[in-house]
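We will go from stop to stop, selecting as we go.

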Amino acid sequence: IIHMKTIQGALAALALLSLGAVQVGAQESAGVVRFAGCWEAADGMPARGRLCMVPENGGLRVTTIPAQGDATESSLRFDGSRIAVKTEECSGWESARLTADGERIIVKSEMTCGPEPLQRRETTFSIAPSGLLLQATGSGLAVIASAQIRVFSPGESYGSVSPAIREAVQ
C-alpha cells in the first residue's frame with residue numbers, strides 16, 4: 001500500500017523538477033540534443049523495453065518500444081501548445097516544455113479513457129549525472145494519485161529500432 005505522504009512527497013519532488021519550465025530559444029536545441037537517442041529500461045520493468053527520442057521540428061518524437069507488443073509514438077513540441085492525443089481507448093491532449101537550463105523536459109497531459117474519469121498526468125525527463133535517463137510521472141484519476149519513477153540507460157543495440165529512427169539518432 002502506498003501511503004498518501006509517499007505520493008505527496010513524490011509529487012512535490014516532481015513539482016520541484018518542474019521549476020523553471022519556460023519557453024526557450026537557442027537553449028532549446030541543446031536540450032533536444034541532450035535527450036536524443038535510444039534508452040534501454042534499467043529498472044527491472046521490461047514491459048517498456050526501450051524509449052527512443054528523435055529531434056523533430058524543434059522538439060522530439062518519442063517512440064516507446066515495449067519488450068512485447070506494438071510501439072507507440074508521440075511528438076513533443078516545446079512551445080507549451082496542447083497536442084491532441086488519441087489512441088484506441090483514450091483521447092485528450094499533452095503539452096511539453098523544456099526547462100530554461102535545458103536539463104529537463106516537462107510533459108503535462110489530460111486523458112479520458114472509455115467511461116473512466118479524466119486523468120491528469122505530469123512527467124519529467126531528466127538525465128542524471130551518471131548518464132541515466134530518469135522519467136518521473138505523477139498522475140491522478142478522480143481522487144486517486146500515483147507516482148512512478150522509471151530509469152533508462154543509454155541503448156547500445158539499435159536492432160529493433162526502425163531504420164528511420166536509427167538514421168535520425170546517429
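**Stop one: rings and a charge**

Start with the aromatic side chains: the count of aromatic pairs comes to zero, where rings of Phe, Tyr and Trp (its six-membered ring) pair if their centres lie within 6.5 Å, with planes under 30 degrees apart called stacked, over 60 edge-to-face and the rest tilted. Keep in mind that this is a predicted model, in which local features need pLDDT of at least 70 and side-chain atom pairs count only at pLDDT 80 or more, while totals for chains, interfaces and linings use all residues. Residues are numbered from 1 along each chain as its sequence is written, and side-chain values use heavy atoms, leaving out hydrogens and water.

Now select R82 and W93. The charged end of R82 sits over the ring of W93, 3.9 Å from its centre; the criterion is NZ of Lys or CZ of Arg within 6 Å of the ring centre and within 35 degrees of the ring normal.

**Stop two: the whole chain**

Switch to a cartoon view. The protein chain has three helices and 10 strands, in the order α-α-β-β-β-β-β-β-β-β-β-β-α along the sequence. These are DSSP runs, helices being H or I of at least four residues and strands E of at least two, numbered from the N terminus.

Of the 170 residues in the protein chain, 36% are buried (under 20% relative accessible area; exposed is over 50%, partly exposed in between, with a 1.4 Å probe and protein chains only). Among contacts (heavy atoms within 4.5 Å) between residues at least 6 apart in sequence, 40% join residues at least 24 apart.

**Stop three: the largest pocket**

Select T64, T72, S74, E94 and R121: of the 39 residues lining the largest pocket, these lie nearest its centre. A pocket here is an open set of points on a 1 Å grid over the protein atoms alone, where a 1.4 Å probe fits, with protein on both sides within 12 Å along at least five of seven lines; lining residues have an atom within 4 Å of a point.

By class, the lining has 15 nonpolar, 14 polar and 10 charged residues (Asp, Glu, Lys and Arg are charged; Ala, Val, Leu, Ile, Met, Phe, Trp, Tyr, Cys and Pro are nonpolar; the others, Gly among them, are polar).

Go to F125 in strand β8 (residues 119-127). Is F125 buried or exposed? F125 is buried, with a relative accessible area of 6%. Beyond four places in sequence, F125 touches residues including F35, L51, M53 and L133. Draw a C-alpha to C-alpha line from F125 to I106: they are 19 residues apart in sequence and 6.7 Å apart in space.

Next, pick V85 in strand β5 (residues 83-86). Among the residues V85 touches, beyond four places in sequence, are C90, W93, E94 and M111.

**Stop five: two loop residues**

Select N57, in the loop between β2 (50-56) and β3 (59-65). N57 is exposed, at 79% relative accessibility. N57 has a positive phi of about 50 degrees although it is not a glycine.

Finish at E116, in the loop between β7 (104-113) and β8. E116 is partly exposed, with a relative accessible area of 45%.
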